[in-house]
Amino acid sequence: MTHLPDPGPQPGVHDLGYARLDTDRLERTGDAEVVYGAGKTPAQVVELLRTLHATHPSHAVLATRLTVEAQEAVGAALPTAVIDPVGRTAVLGEPPVLRGTVAVVAAGTSDAPVAAEAVTTARVFGAEVDVITDVGVAGLHRIMGVRERLDAADCLIVVAGMEGALPSVVGGLVGVPLVAVPTSVGYGASFGGIAALLGMLNSCAPGVTVVNIDNGFGAGVFAARVARRSAPRETKENP
């Protein structure tokens, strides 16, 4: 086997041996790299967060999908970190100046972990967040009662399990960009969120885009970037 020579340190990369941090991502995209906690040891999560924060001291850094053990390790080693045990996230550092508004809409309380991940992500990625919970289609008067809040947002994240009908309902009520998040909440025939995913992909309401099952993080990134790019609402209404 031919062994290629070690190219040495790469610009924009912080090599920790088990991970190669993309330290240029903030400059390229406006958002720092995020620590995906699944499959990492608690010690690795702590080191990754600490290193990213040291690289970007004026920017909040995020870790997602943290085990209970990783959350405890982060809390002990990095006492200024903000940990959300529901969303399984940790944030180290001050959030950016917030621009635009994302409304995170959850169909039921069982969708809370995915919705919480989306909320934290959208805030770290620079958007104000309005949280609207337990407004599923089994009681349509609940979503009708928050219609003005939906219309005031620059982007919507709609989180639902079961048959995944809520994004279609919301998409038919307001003309706001909408990202739908299917969750793995549901009874046997929901197939771990596949029923909700297919329902959202087949939405009859225009303007609905869909991320993967339980992907609150992906929805939060997308929605925050839409909100940050949005013009002030008075400019939209009075060109």
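**Domains, sheet and helix**

Reply: The C-alpha centres of domain 1 and domain 2 lie 25 Å apart, with bounds taken from an automatic or database domain assignment. That assignment gives domain 1 as 13-92 and domain 2 as 101-230. This is a predicted model, in which local features need pLDDT of at least 70, side-chain atom pairs count only at pLDDT 80 or more, and totals for chains, interfaces and linings use all residues. Residues are numbered from 1 along each chain as its sequence is written, and side-chain values use heavy atoms, with hydrogens and water left out.

Me: How many residues does each domain bring to the contact?

Reply: Contact means heavy atoms within 4.5 Å. Domain 1 contributes 13 residues and domain 2 contributes 14 residues.

Me: In what order do the strands of the open sheet lie?

Reply: Strands of a sheet pair through backbone hydrogen bonds, either parallel or antiparallel. Here the order is E3-E4-E6-E5, with mixed pairing; strands are DSSP runs (E, at least two residues) and helices likewise (H or I, at least four), numbered from the N terminus. Two strands pair if DSSP finds at least two bridges between them. Strands E4 (residues 61-64) and E6 (residues 89-92) run antiparallel, joined by three bridges. Leu62 has Val91 in E6 as its bridge partner.

Me: Which residues of H2 are buried?

Reply: An α-helix has 3.6 residues a turn, so residues three or four places apart point the same way. Buried means under 20% relative accessible area (1.4 Å probe, protein chains only). In H2 these are Val45, Val46, Leu48, Leu49, Thr51 and Leu52. Their cover includes E3, E4, E6 and helix H3 (68-77).

How values were computed: Buried < 20%, exposed > 50% of the residue type's maximum accessible area, 1.4 Å probe, protein only.
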